There are 2 protein chains.
Amino acid sequence: MRSVIECVPNFSEGVETSLVEEIAGAVRAVPGVRVLNLSSDPAHNRSVLTFVGDAEGVRAGVLALFEAAVPRIDLTRHRGEHPRMGAVDVVPLIPIRGATLQECVALSRKIAEEVATRFGIPVYLYEDSAGSEGRRNLADVRKGEFEGLGSRMERPDWKPDFGPVRPHATAGAVAIGARAPLIAYNINLGTKDLAVADRIAKSIRHIGGGFRYVKAMAVDLSARGIVQVSINMTNYRKTPLHRVFECVRSEAERHGVAIVGSEIVGLTPADALFMAAEHYLRLEGFSSEQVLETKLLEEEG
Amino acid sequence: MRSVIECVPNFSEGVETSLVEEIAGAVRAVPGVRVLNLSSDPAHNRSVLTFVGDAEGVRAGVLALFEAAVPRIDLTRHRGEHPRMGAVDVVPLIPIRGATLQECVALSRKIAEEVATRFGIPVYLYEDSAGSEGRRNLADVRKGEFEGLGSRMERPDWKPDFGPVRPHATAGAVAIGARAPLIAYNINLGTKDLAVADRIAKSIRHIGGGFRYVKAMAVDLSARGIVQVSINMTNYRKTPLHRVFECVRSEAERHGVAIVGSEIVGLTPADALFMAAEHYLRLEGFSSEQVLETKLLEEEG
């Protein structure tokens, strides 16, 4: 079985469609890489590319991305609503099948070194690749954005993990790191009272004493006359969907409120849903090897 | 997206490993076919091969199977516990992805015609391919087995759908047909009282007034000190796992008995589990297109 690693680089061009296509096209042309999605946001002036491959394919794909993006994006002239510090801003590596998080950490270090050497771009390792707790969170690493990079790098605690101790003149710096697959999961509550969603969000999220791998906030869906607990599941294997769902159900009931539905935004690994089925159907001895599609993927070698 | 059709032929050799391997090997050698499983039962003197391909691949695979099996299996000398009427006994075609049941019915007719012409073997169409209700059920079609074929075919209502109106001297006859994916699903009850499992099995199965696509019977798991409702789900899209699970839970509760677990025996389409997750998590607007592995399978083209 060949391993499948997902890579979801964000780069700082979301307005000029032709440039976005040239950059994405460079990755598409890499053998062993499959591009699954490309989505651009003009207001953010930023694009998100999703591609998969084995370790070697992902390495080649990331390098091709830098090769195409660095000469085409000039951060000194970049404006957009989304915080950013680099032409290629962030490169997350996510183990999907036949690869561990640890292998993705090793891969991120290898890629970081090559990016620093070949393109002269300073690299910060973040998430599970981070060398210290303070560099784990992307928002912390990116604080001050491109414009603040120069003065920040002078501080010894913000020396990059790889590459020069000064930002690249037009491409800034980049955060590269491994993380578990992330699921954007929202639970809708049958009430207009935002305070209920807010209280529940606070009760389930890690920072407030809730689940370790949950980030959550309340959102008002006024058009539908309901409110939502909007959740980022940062490790669905350790904090599974169904456990969060049942906890929200119990907290909502205490306010006399029902769950009217939930939604998964974007992609999810099949496993996250198998775990829910396994829980509710009380499956004994279930293995994803019993799923026909899993066998089909494996037979590809 | 290329279509994926599953084919699970049963052939009448389960003792001589070398013969079984030669027959399975002939299918493995067909381009566009992937063999997922081979399991032989010496007591039944019978083997079950699972392979997948698109319509053309499956057609070629079935013909290769006959090519290898017909000269190697002589039913006049075949003994085994399992009922059988042919060297290749039954050929089910099952739509998995990108193919409808109707397309598999059309494919079954095409394959049946070719098998009849090339090998001189009479073919009965069964399951969803059956020309009449009386030929739908494999047990009905196979009644009298190989030994009874000759006299039976003389009756006008048992004229084969394709091929000669006399059995092949050594290879008998074959049933070919399309059917929905079948899931073997068992629910375990926390009681030693087989009568409870028996009552529940009768209440959920089609024949007793239960779900249309459910066959069920009670099984005593005395080694574990529990009983089981053993279920064949013959169309999980129309009668989903979670609905049967909840019905069994409700019926069991009425006897003061709890469900201690359930199990899927063998393979299941991913969809069957997604439907359970969707139900219990109350997912809104979920599509299997959101599953990463589905995208991986599709990208293969």
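**Close-up views of a predicted two-chain model**

**View 1. Chain B superposed on chain A.** A rotation of 180 degrees, with 0.0 Å of shift along its axis, superposes chain B on chain A with an RMSD of 0.1 Å. The two copies are therefore related as by a two-fold rotation axis. In chain B, the C-alpha nearest this axis belongs to B:Ala277, and it lies 2.5 Å from the axis. The model shown here, like every view that follows, is predicted.

**View 2. The contact between chain A and chain B.** To this contact chain B gives 37 residues, and chain A gives 37 residues. On the side of chain B that touches chain A, the elements that give two or more residues are strand S3 (34–41), helix H7 (241–254), strand S11 (259–265), helix H8 (270–280) and helix H9 (292–299) of chain B. Sorted by class, this side of chain B has 23 nonpolar residues, together with seven polar and seven charged ones. Because 100% of the interface residues of chain B are also interface residues in chain A, the copies meet through the same surface.

**View 3. The two domains of chain A.** The domain assignment of chain A gives domain 1, which covers residues 4–178, and domain 2, which covers residues 183–295. The centres of domain 1 and domain 2 of chain A, taken over C-alpha atoms, are separated by 29 Å.

View 4. When residues up to four places away in sequence are not counted, A:Gln228 touches A:Asn186, A:Ile187, A:Asn188, A:Leu189, A:Ala197, A:Val219 and A:Leu221. The C-alpha atoms of A:Gln228 and A:Val58, by contrast, are separated by 36 Å, and the two residues are 170 residues apart along the chain.

**View 5. A:Arg199 in helix H6.** Helix H6 of chain A, which comprises residues 194–204, contains A:Arg199. A:Arg199 counts as partly exposed because it has 17 C-beta neighbours inside 10 Å, a number that falls between the limit of 12 or fewer for an exposed residue and that of 20 or more for a buried one. In sequence, A:Arg199 and A:Ala218 are 19 residues apart, while in space they are 8.2 Å apart, C-alpha to C-alpha.

Note on methods. Residues numbered from 1 in each chain as written. Chains lettered and ligands numbered in written order. Predicted model: local features only at pLDDT ≥ 70, side-chain atom pairs only at ≥ 80, totals over all residues. Helix = DSSP H or I, 4+ residues; strand = E, 2+ residues; numbered from the N terminus. Contact = placed C-beta atoms within 7 Å. Nonpolar A, V, L, I, M, F, W, Y, C, P; charged D, E, K, R; others polar. Least-squares fit on C-alpha atoms with pLDDT ≥ 70 in both. Domains from an automatic or database assignment.
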